[in-house]
Amino acid sequence: MSEILLEAVDLTKHYGSVEALRGAAFQARAGEVTALIGDNGAGKSTLVKCLSGAEQPTSGKILLDGAEAHFDSPTTARRLGIETVYQDLAVAPELDPAANLFLGREIHRKGILGKLGMLDKAEMRRQAVEEFQRLGVTLQSTDVPIGSLSGGQRQSVAVARSVVWASKVVFMDEPTAALGVVQRERVLDVIKKVRDKGIAVVLISHNMPEVLSVADRVEVLRLGKRVARFTGPDTKLEDLVAAMTGALVQEEAA
Ligand SMILES: Nc1ncnc2c1ncn2[C@@H]1O[C@H](COP(=O)(O)OP(=O)(O)OP(=O)(O)O)[C@@H](O)[C@H]1O
């Protein structure tokens with residue numbers, strides 16, 4: 001089995017009186033797609049937020065490469081190689097795809113006396129085109145604001161951006177929601193390419209056929225706890241549904 005890159009141990013998260021996580025466990029492994037599934041309100045988004053620095057857990061431990069880690073912000077998590085693609089697409093619609101790829105990490109020309117010079121747009125464009133090609137992201141045009149591209153193309157750029165910068169883990173929250181069949185396949189291909197680079201991909205999805213087609217492992221959350229894990233191609237839809245609804249419980253609460 002491949003190495004565990006990121007692990008949640010007995011995480012809790014309280015929002016006032018709401019217990020979104022109640023001792024949740026989770027593992028993401030290098031070179032694998034792990035699907036994180038569960039019914040609405042199971043705690044998936046909360047777990048991802050805690051593991052990517054967007055929220056702080058109330059208690060429990062997060063381990064990165066086996067050592068306890070504290071992500072006090074998404075910036076800290078990103079610096080440690082953890083990227084997230086959110087459902088609501090945090091792209092800048094007025095910028096072109098290359099500028100979006102380098103958002104917050106722009107390349108500058110060398111300035112005078114060691115100061116930062118102007119933005120090196122040509123170099124960013126060159127590297128962006130190379131990355132899009134490598135990941136199989138085809139865009140109508142790389143010169144137009146991303147807001148004028150189709151939803152699928154915007155999503156592909158958002159996925160490409162996280163992938164280009166992630167060195168360890170990429171969280172993808174419903175990356176194919178609202179995409180047509182062709183675009184969906186393209187995004188799934190990108191996910192597989194990223195996995196094959198040795199990155200741990202975590203896919204949050206309500207689409208069970210998609211989960212079964214792309215995930216190497218599945219972890220199931222229910223009422224803020226992990227209740228089951230499945231590995232390999234023999235995983236059955238009925239078992240996933242049973243675990244999500246509480247009919248099948250493999251793991252008792254810690
Ligand atoms: N900021 C918040 N304030 C209060 N309660 C919250 C907050 N965020 C989440 N919750 C609650 O925590 C629980 C888990 O929510 P979460 O969004 O993590 O579930 P989910 O599995 O991602 O659900 P979905 O599939 O519907 O997106 C829910 O009961 C939700 O209402």
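Which residue in β12 is the bridge partner of L221? The bridge partner of L221 in β12 is R226. This pair belongs to the antiparallel pairing of strand β11 (residues 217–222) with β12, which extends over 6 bridges. Strands are taken to pair if DSSP finds at least two bridges between them. Strands (E, at least two residues) and helices (H or I, at least four residues) are DSSP runs, numbered from the N terminus.

The structure is a predicted model, in which local features need pLDDT of at least 70, side-chain atom pairs count only at pLDDT 80 or more, and totals for chains, interfaces and linings use all residues. Residues are numbered from 1 along each chain as its sequence is written, and side-chain values use heavy atoms, with hydrogens and water left out.

β11 and β12 are part of an open sheet of 6 strands with mixed pairing, in the order β6-β9-β10-β3-β11-β12. β6 and β12 (225–231) are the edge strands, each pairing on one side only. From one strand to the next, the twist averages 20 degrees. Axes are lines fitted to C-alpha atoms, for helices over the stretch in contact, and angles run from 0 to 180 degrees between N-to-C directions. Helix α5 packs on this sheet and touches β6 and β9, its direction making about 175 degrees with that of β6. Helix α6 (residues 181–196) also packs on the sheet, where α6 touches β3 (33–37), β9 and β10, and its direction makes about 150 degrees with that of β10. Contact here means heavy atoms within 4.5 Å.

Within this sheet, β9 (residues 169–173) is joined to two parallel partners. Strand β6 (residues 82–85) runs parallel to β9 and is joined to it by 4 bridges, with T84 opposite F171. Strand β10 (residues 200–204) pairs with β9 in the parallel sense over 5 bridges, and V201 of β10 stands opposite V170. In β9, 5 of its 5 residues are buried, where buried means under 20% relative accessible area, exposed over 50%, and partly exposed in between (1.4 Å probe, protein chains only). In a regular strand the side chains alternate between the two faces of the sheet. Both faces of β9 are covered, with V169, F171 and D173 buried on one side and V170 and M172 buried on the other.

Helix α5 (residues 151–165) contains Q153. With a relative accessible area of 8%, Q153 is buried. Apart from neighbours within four places in sequence, Q153 is in contact with T138, L139, Q140 and Q183. Q153 also lines the largest cavity, together with V137, T138, L139, S156, Q183 and R186. A cavity is a set of points on a 1 Å grid over the protein atoms alone where a 1.4 Å probe fits but cannot get out; a pocket is an open set with protein on both sides within 12 Å along at least five of seven lines, and lining residues have an atom within 4 Å of a point. A search of the whole structure finds 1 cavity of 30 Å³ or more, and the largest cavity has a volume of about 30 Å³. Grid points are joined across faces, edges and corners, and a volume is the space filled by probe spheres set on the points. α5 and α6 each supply at least two residues of the cavity lining. This lining divides into 2 nonpolar, 4 polar and 1 charged residues. Ala, Val, Leu, Ile, Met, Phe, Trp, Tyr, Cys and Pro count as nonpolar, Asp, Glu, Lys and Arg as charged, and the others, Gly among them, as polar.

An open sheet of 4 strands has antiparallel pairing and the order β2-β1-β4-β5. β2 (18–29) and β5 (67–68) stand at its edges with a single partner strand each, so one side of each is left without a neighbour in the sheet. β2 pairs with strand β1 (residues 4–15) over 9 bridges in the antiparallel sense, and R29 in β2 is the bridge partner of I4. Helix α1 packs on the sheet and touches β1, β2 and β4 (59–64), its direction making about 115 degrees with that of β1. C50 lies in α1 (residues 44–51) and counts as buried at 1% relative accessibility. Not counting residues up to four places away in sequence, C50 touches L11, K13, L21, E55, Q56, P57, I62 and F71.

The second largest pocket has a volume of about 180 Å³. Its lining has 5 nonpolar, no polar and 4 charged residues, and α4 (121–134) supplies the largest share, 3 residues.
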